[in-house]
Structure formats: C-alpha cells, structure tokens
Amino acid sequence: MNNAQLNELKQRYVANGAASPATQFADRAENALIWDADGNRIIDFAGGIGVLNIGHRHPKVVEAVKAQLDKVMHTCQTVMPYEGYVKVAERLSQVTPVRGHAKVMLANSGAEALENAVKIARAATGKNNVICFDGGYHGRTFMTMAMNGKVAPYATDFGTMPGNVFRAPYPVPYHGVSEDEALRGLKMAIKTDANPRDTAAIVLEPVLGEGGFYPAPTSFLKAIREICDEHGMLMIVDEVQSGFGRTGKLFAIEHSGVEPDIITMAKSMADGMPISAVVGTDRVMDASGANSLGGTYTGNPLSCAATLAVLDVFEEEKILEKSLALGDKLAKRFGQWQSDFDCVDNARNMGSMAAIDLVSDKAKHTPDADLAAALCKKAREKGLILLSCGLYGNTIRFLMPVTIEDEILEEGLDIVEAALKELVGSQATA
C-alpha cells in the first residue's frame with residue numbers, strides 16, 4: 001500500500017490521540033535512513049525518539065532476534081523462565097552504576113520501568129511520597145503523568161492525577177533557574193509539602209529529555225545524593241532517554257560519579273525491540289514480596305536477545321567513543337549556526353545528546369516555538385526527520401544514530417541549515 005492509502009486507513013481506524021500527524025509511512029530502514037511506502041528516502045535524526053542509538057536494524061541485533069525466534073517467543077518468565085532474562089539481568093547488574101550489588105527486573109517500556117521503580121521505592125522505605133522536577137518526563141501512565149513536569153499534551157485531557165507527587169525546580173540557568181535556586185526549591189518542597197518521613201524517593205533525569213536536553217550539574221546530583229542519604233530517601237535516576245551511550249557514557253549519571261539507588265532504562269536498550277529495566281541495589285530491589293513485580297510480556301525472549309546483542313555491539317564497535325566523536329561534530333556545526341543565525345542560541349551537548357534553542361530575541365532568550373515547529377515541518381519536506389522538545393517547545397534535539405555515516409550526517413545537517421535559511425531569510429547574520 002502507498003502513503004495515500006495508508007493515510008486513509010489511519011484517519012478511519014486510528015484514534016486521534018494516537019495517530020501520527022506525519023503522512024509518510026515507513027516501509028524499510030537501515031542505520032540512519034528510512035524509505036517510505038512511496039519509495040522516498042528519508043534521513044532519520046529522531047531515532048524513534050532515542051531508541052536507535054546503534055541504528056535501524058543493526059545486523060547483529062537482527063541476527064540475534066531471528067535466532068531466538070527459532071527457539072522460544074514467549075512463555076511468561078514468571079511461569080517458565082528462560083536464559084535470556086537472567087543473562088540480561090547479569091549483564092545489566094555488571095554495568096549499571098548503582099550502589100552495591102545490583103539486581104534487576106525487566107519490563108516493557110520506560111513508563112512501566114518508572115512505575116515499578118516507585119513501587120520498589122515504596123516497598124523498600126515504607127513511605128509514599130515522590131519528589132520530581134519541573135520539565136521532567138517519565139511516561140504516559142497515570143503515575144508517570146503525575147510525575148511529569150509538563151502538563152500538555154500528556155495529562156491535559158485525563159482528569160485527576162495520582163497524589164503523593166511533589167515538584168521541585170530543575171537547574172536551567174539559561175531560563176533563570178540557578179543551581180542554588182533549584183536546591184533551595186527542593187529543600188523548600190521537603191520542608192513545606194513532602195515531609196521526609198513520608199517521602200520514598202527523589203526521581204530525576206540526569207539530562208532532561210523532553211524537557212530540553214539540559215544536563216544537571218555534577219554538584220547538583222551530588223547534593224541530591226546527600227539529601228536522600230540525610231533523610232532516608234532513595235535516589236532514582238531516569239536514564240530512559242539519556243542511557244545506552246547517548247551521552248558518551250553507557251549512562252549519563254556516570255559523568256558525575258554519583259551512585260543512585262535505582263536506575264531505570266529503556267529506549268536504545270534493545271535497538272527497537274520493546275524492553276525496559278529497573279536496576280537497583282539488591283536490598284532495595286528485594287524489598288517487595290514474591291510475585292509482586294512483573295507482567296505477562298516483561299523481559300520477552302526476543303527483546304532479551306536484542307539487549308544482549310546491543311551490549312555486545314557497544315563493546316565490539318566502540319559505540320561510546322563514537323558517541324563522543326559525534327557530539328564533537330554536532331557542537332562544531334551548532335557553533336557555526338549560532339554565529340550565522342540570530343535565531344539559533346544555547347547550543348549544547350553531552351556526548352551526542354545534543355540540542356539548540358530557537359529564539360526570537362537572543363538577548364532575552366525569548367523562545368520561538370513557532371519557528372521550531374516550522375523548521376521540523378520544512379525539514380520533513382526536504383527528507384529529514386527532526387524533533388522539537390522543551391518546556392517552551394523551542395528546542396531542536398538531535399537523536400540520529402551514533403552509527404550514522406559521516407556523509408549522511410552532513411547531508412542531514414545541510415538540510416537543517418538550508419531550512420533555517422529559507423525560514424528566517426534576512427535574520428541570517430552576515
């Protein structure tokens with residue numbers, strides 16, 4: 001079927017809230033390229049929203065999934081366990097920087113991992129409250145919607161959110177929130193709303209994802225670790241988007257040297273296969289009773305096979321080094337854009353977790369969400385998938401595969417530059 005026929009089916013049968021606004025349908029893909037149902041070639045700078053750090057259909061992952069397909073597709077590991085689940089648990093325990101000996105539970109999505117992390121934290125501490133941060137994003141289930149630091153579009157239409165969730169500022173100096181102010185706000189939340197005797201955990205992303213790709217300073221992360229220790233709360237780090245090599249470390253928290261009690265992960269963990277994990281200190285992870293964690297599809301054999309292959313690829317193909325090198329290339333191009341365009345500001349990256357802001361006034365840091373939307377639209381017209389994000393909707397984030405070929409990378413960046421020139425015209429500085 002072609003794009004037009006598929007769009008007719010989408011409009012007739014797919015719920016509006018779940019339907020993509022895109023009119024092209026993926027037919028096949030390889031590394032950083034997608035071909036649509038009409039045969040058009042598209043460069044992918046989104047990676048399925050950070051899921052494809054080692055590219056579409058990495059050959060070693062495809063091979064591993066096909067091999068598993070010939071053995072076992074599903075048994076439900078709580079009914080009949082299998083090697084893949086325990087091998088993934090072993091590998092993640094060895095590489096995840098939590099305190100002490102780590103244990104693992106597998107789930108299906110990032111949101112499901114966060115839900116289970118909160119359950120585990122409550123079981124381990126006997127407390128209920130959770131503190132999260134402005135601009136944070138943790139998922140679309142009810143508990144994670146309550147935890148998100150942004151209302152629209154995630155929670156706008158869905159009524160009352162679960163309670164026992166409190167919010168603190170996230171340090172983004174560019175938008176006027178200093179690290180000192182963020183810490184003051186956190187301590188005030190503890191003092192005025194989230195009494196430590198009732199608070200199980202502080203949950204944060206070491207680099208905001210949907211919130212705009214802002215990394216938390218090391219000193220801020222260390223302060224949260226100290227606050228958690230002081231008050232008997234757990235530190236939960238959400239690495240769903242920042243994990244698996246995006247920042248040049250396997251997990252972004254490794255840049256700080258801070259060891260959380262629990263880390264959640266998903267997205268690029270299995271190169272497109274649905275899986276997530278909660279990894280935490282053994283005492284914490286063992287706090288809840290038998291059969292209290294899990295689900296029908298959690299840790300599916302095919303997804304476990306993909307995860308093990310991904311971990312092998314990281315070692316064999318030096319993916320972390322490639323992420324750092326890609327980040328350097330992006331930073332160089334971003335610096336050029338920031339000099340050449342009045343609308344491009346606040347270029348930043350941690351490894352290849354990279355972004356720019358589009359503004360109408362650089363001096364005032366005035367967000368220009370309309371321009372960001374227009375740039376993404378124009379890029380798509382030119383054959384490039386580009387994503388915006390951020391609390392103000394004006395951040396352009398770059399999530400191309402770390403394995404992208406240099407010529408494809410440059411072609412995509414040239415498209416961004418050409419689209420900007422078409423959109424801002426005379427705003428380009430000589």
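Biologist: Which residues does Pro 215 touch, not counting residues up to four places away in sequence?
Modeller: This is a predicted model, so keep that in mind throughout. In it, Pro 215 touches Tyr 170, Pro 206, Val 207 and Met 350.

Biologist: And where is Pro 215 found?
Modeller: Pro 215 sits in the loop between β7 (199–204) and α8 (218–231).

Biologist: Is Pro 215 buried, exposed or partly exposed?
Modeller: Pro 215 has 34% relative accessibility, so Pro 215 counts as partly exposed. Buried would need under 20%, and exposed over 50%.

Biologist: How many residues apart along the chain are Pro 215 and Tyr 174?
Modeller: They are 41 residues apart along the chain, and their C-alpha atoms are separated by 12 Å.

Biologist: What about Phe 213, where does that one lie?
Modeller: Phe 213 is also in the loop between β7 and α8. With a relative accessible area of 2%, Phe 213 is buried. Its phi is near 60°, a positive value in a residue other than glycine.

Biologist: Okay! What is phi of Ile 49 near?
Modeller: Phi of Ile 49 is near 60°, again a positive value in a residue other than glycine. You'll find Ile 49 in helix α2 (residues 47–50). Since its relative accessibility is 34%, Ile 49 counts as partly exposed.

Biologist: Let's switch to the inside. Which residues touch the most other members in the largest nonpolar core?
Modeller: Those are Leu 92, Leu 106 and Phe 244, in a core of 86 residues. Helix α10 (residues 301–316) gives the largest share of this core, nine residues.

Biologist: How many residues are in the second, separate core?
Modeller: That core has 34 residues, including Leu 33, Phe 45, Ala 419 and Val 424.

Biologist: Now Met 265. Buried or exposed?
Modeller: Met 265 is buried, because its relative accessible area is 0%. Met 265 lies in strand β9 (residues 262–265). Leaving aside neighbours within four places in sequence, its contacts include Leu 92, Phe 244, Phe 251 and Val 240.

Biologist: How many residues apart in sequence are Met 265 and Val 240?
Modeller: They are 25 residues apart in sequence, and 4.2 Å apart in space, C-alpha to C-alpha.

Biologist: Time for helices! At what angle do α3 and α10 pack?
Modeller: Helix α3 (residues 59–69) and α10 pack at about 150°, with their axes 8 Å apart. The two are therefore roughly antiparallel to each other, as angles over 145 degrees count that way. Their crossing is right-handed.

Biologist: Which residues make that contact?
Modeller: Among them are Val 61, Ala 64 and Val 65 of α3, and Leu 302, Ala 305 and Ala 309 of α10. By class, the residues of the contact divide into 11 nonpolar, one polar and two charged.

Biologist: And α11 with α13, at what angle do they cross?
Modeller: The axes of helix α11 (residues 319–340) and helix α13 (residues 406–424) cross at roughly 25° and come within 12 Å. That makes α11 roughly parallel to α13. Their contact includes Leu 326, Lys 329 and Arg 333 of α11, plus Asp 406, Leu 409 and Glu 410 of α13. In this contact there are six nonpolar, one polar and six charged residues.

Biologist: Last one: how do α12 and α13 cross?
Modeller: The axes of helix α12 (residues 369–381) and α13 cross at roughly 125° and come within 9 Å. These helices are therefore oblique to each other, and the crossing is right-handed. Leu 371, Ala 374 and Leu 375 are among the α12 residues there, meeting α13 residues that include Ile 415, Val 416 and Ala 419.

Note on methods. Residues numbered from 1 in each chain as written. Predicted model: local features only at pLDDT ≥ 70, side-chain atom pairs only at ≥ 80, totals over all residues. Heavy atoms only, no water. Axes fitted to C-alpha atoms, helices over the stretch in contact; angles between N-to-C directions. Helix = DSSP H or I, 4+ residues; strand = E, 2+ residues; numbered from the N terminus. Parallel < 35°, antiparallel > 145°, perpendicular 65-115°, else oblique. Contact = heavy atoms within 4.5 Å. Nonpolar A, V, L, I, M, F, W, Y, C, P; charged D, E, K, R; others polar. Core = buried A, V, L, I, M, F, W, Y, C linked by side-chain atoms within 4.5 Å. Buried < 20%, exposed > 50% of the residue type's maximum accessible area, 1.4 Å probe, protein only. Left-handed = near helix turned anticlockwise from the far one by under 90°.
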